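Good morning, colleagues. Today I would like to take you through one interface, and I ask you to keep the structure in view while I speak.

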Amino acid sequence: MTIQLNGKSVILPEQVRSIKDLLSHYHLENRLVIVEVNKEIMKKEQHSTFKLSDGDVVEMIHFVGGG
Amino acid sequence: MLKLGDYSFQSRLLLGTGKYPSFEIQKEAVSVSEAEILTFAVRRMNIFEDSQPNSLEQLDLSKYTLLPNTAGAKTAEEAVRIAKLAKASGLCDMIKVEVIGDDKTLLPDPVETLKASEMLLAEGFIVLPYTSDDVVLAKRLENLGVHAIMPGASPIGSGKGIINPLNLKFIIEQTSIPVIVDAGIGSPKDAAFAMELGAEGVLLNTAVSGAKDPVKMALAMKLAVEAGRLGFEAGRIEEKEYAVASSPTTGMVTS
């Protein structure tokens, strides 16, 4: 499937179905990351249950230095 | 003791985490400052290029109260979205409302800041708005129920210090919630001055991260905030037009 990830169109391999899969695909499973799908914030509990669909708009957000 | 919502803090210095020359220096500066509240920003991950670990993740975040900002927001709705994203980390429920209304001066948009604060209070956040140094706006925010007012001393990152101490004093005297002077602090004297005016705290970033020796400056700021607060609590003497001798004026050893 194809999703919009952080503003970029990406084609995901077939085995990537959940948010958890997506995080491991990008090697982010141990990072502090907040995921938003179609402007809806995903709770951590949803990471393994929420199934991504073709055309989803996904944002991966984190904290950076700032004042 | 600085009280914000249900939290209380020994330290009255709030430190930003942006623009340090290296992670090692940042870590040391944060430690030396003895700050208990750290600010940071919420951004998209650079997943396609960046393989570097995020320096912020290398700090032991559990030791600090995290104060994310909504920098980047130009409307109340954008600020609320950023705040909710930050809260979804499960690491914080405090938010520095920062809605910029002008790109050149980075001065806050008072109308959107007020709107965002109201929406975030309804969502149960501990709301700390970064505002211009306007006493009427401060009172309006206080009436909404914000947990502190954070007026700027001068434009963000300018290091110009406190350019309108009178307005800051008005805000401090006319509101009964903590006032934290945020933005524009350049040197320790500015931080001490803010505290002497009666501020409950000082929030700064560039003054430390941009100093030639950020670690030494972090210590200087810690001491300045403490000195200023002690001076405020002690109550300074009144200014007089002419000299008043400190030594006795009787029993002079003169011929």
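**The contact between chain B and chain A**

Between chain B and chain A, 13 residue pairs are in polar contact, with both residues of each pair at pLDDT 80 or more. On the side of chain B that touches chain A, the elements giving two or more residues are strand E4 (37-44) and helix H2 (76-87) of chain B. E4(B) gives the most to that side, with 6 residues. Sorted by class, the side of chain B that touches chain A has 14 nonpolar, 9 polar and 7 charged residues. Please bear in mind throughout that this is a predicted model.

Let me stay with E4(B). Which strand of chain A pairs with E4(B), and in what sense? The partner is strand E5 (residues 57-65) of chain A, and the pairing is antiparallel over 5 bridges. Within E4(B), Phe40(B) is the bridge partner of Gly65(A).

I turn now to the charged side chains. The count of salt bridges between chain B and chain A is 2. In a salt bridge, the side chain of Arg81(B) meets that of Glu36(A), at 2.4 Å from N to O.

Finally, the extent of the contact. Chain B brings 30 residues to the contact and chain A brings 24 residues. The size of an interface is often expressed as the accessible area lost when the parts come together. Here, chain B and chain A bury about 2500 Å² between them, and 62% of this lies on carbon and sulfur atoms. Of the area that chain B buries against chain A, 29% comes from Arg44(B), Met45(B) and Phe48(B), more than from any other three residues.

Notes: Residues are numbered from 1 along each chain as its sequence is written. Chains are lettered from A and ligands numbered from 1 in the order in which they are written. This is a predicted model: local features need pLDDT of at least 70, side-chain atom pairs count only at pLDDT 80 or more; totals for chains, interfaces and linings use all residues. Side-chain values use heavy atoms; hydrogens and water are left out. Contact means heavy atoms within 4.5 Å. Buried area is the accessible area (1.4 Å probe) that two parts lose on being put together, summed over both. A salt bridge is a side-chain nitrogen of Lys or Arg within 4 Å of a carboxyl oxygen of Asp or Glu. A polar contact is a pair of N or O atoms within 3.5 Å; within protein, one must be able to donate a hydrogen and the other to accept it, and residues adjacent in sequence count only if both atoms are side-chain atoms. Helices (H or I, at least four residues) and strands (E, at least two) are DSSP runs, numbered from the N terminus. Ala, Val, Leu, Ile, Met, Phe, Trp, Tyr, Cys and Pro count as nonpolar, Asp, Glu, Lys and Arg as charged, and the others, Gly among them, as polar. Two strands pair if DSSP finds at least two bridges between them.
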